[in-house]
Amino acid sequence: MAFLCCGRSPHYRLSLQQSLNDGIVFAINIVASDGGADAVAEILARLIAPTMAEEGVKCFMPYRSPTNPNAFFVYELYVNAAGWDAHNASAHFQSAVKEFVPKVAVRERIPFIPYVD
């Protein structure tokens, strides 16, 4: 999985920082049901490429806890709320949700918007 999150040049970091502070973020906390963690990890991994190809998506990065293999966090950054809505309506997301939800004990989706310039 190749995804560049930050660069080395100061100009790139500044433009990246400005880009990351423009849009709407969703923080997704997930706890897999017992026996479902590896399936959840695989579903999240499959979502990366098609989600990153969506026009309204700036970043989609799933993480797995090194101390609790059932715990996941997904950082999602969208251009705007319409990008989030389009993602939720996409065929790849809808398909993943059908497979994903029965394997999850907790799924919390929290939106955030920038409040500082």
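Visitor: What does buried mean here, and how do exposed and partly exposed differ from it?

Guide: Buried means under 20% relative accessible area, exposed means over 50%, and partly exposed lies in between, with a 1.4 Å probe and protein chains only. Both Phe26 and Tyr78 are buried. This is a predicted model, where local features need pLDDT of at least 70 and side-chain atom pairs count only at pLDDT 80 or more, while totals for chains, interfaces and linings use all residues. Residues are numbered from 1 along each chain as its sequence is written, and side-chain values use heavy atoms, with hydrogens and water left out.

Visitor: How many aromatic pairs are there in the whole structure?

Guide: Rings of Phe, Tyr and Trp (its six-membered ring) pair if their centres lie within 6.5 Å; planes under 30 degrees apart are stacked, over 60 edge-to-face, and the rest tilted. A search of the whole structure finds four such pairs. In one of them, the ring centres of Phe26 and Tyr78 are 6.3 Å apart and the planes stand at 75 degrees, so the pair is edge-to-face.

Visitor: Which ring pairs with Tyr78 at 5.5 Å between centres?

Guide: That is Trp84, and with the planes at 80 degrees this pair is edge-to-face.

Visitor: What does the side chain of Ser90 reach?

Guide: A polar contact is a pair of N or O atoms within 3.5 Å; within protein, one must be able to donate a hydrogen and the other to accept it, and residues adjacent in sequence count only if both atoms are side-chain atoms. Here the Ser90 side chain reaches the backbone oxygen of His87 at 2.7 Å.
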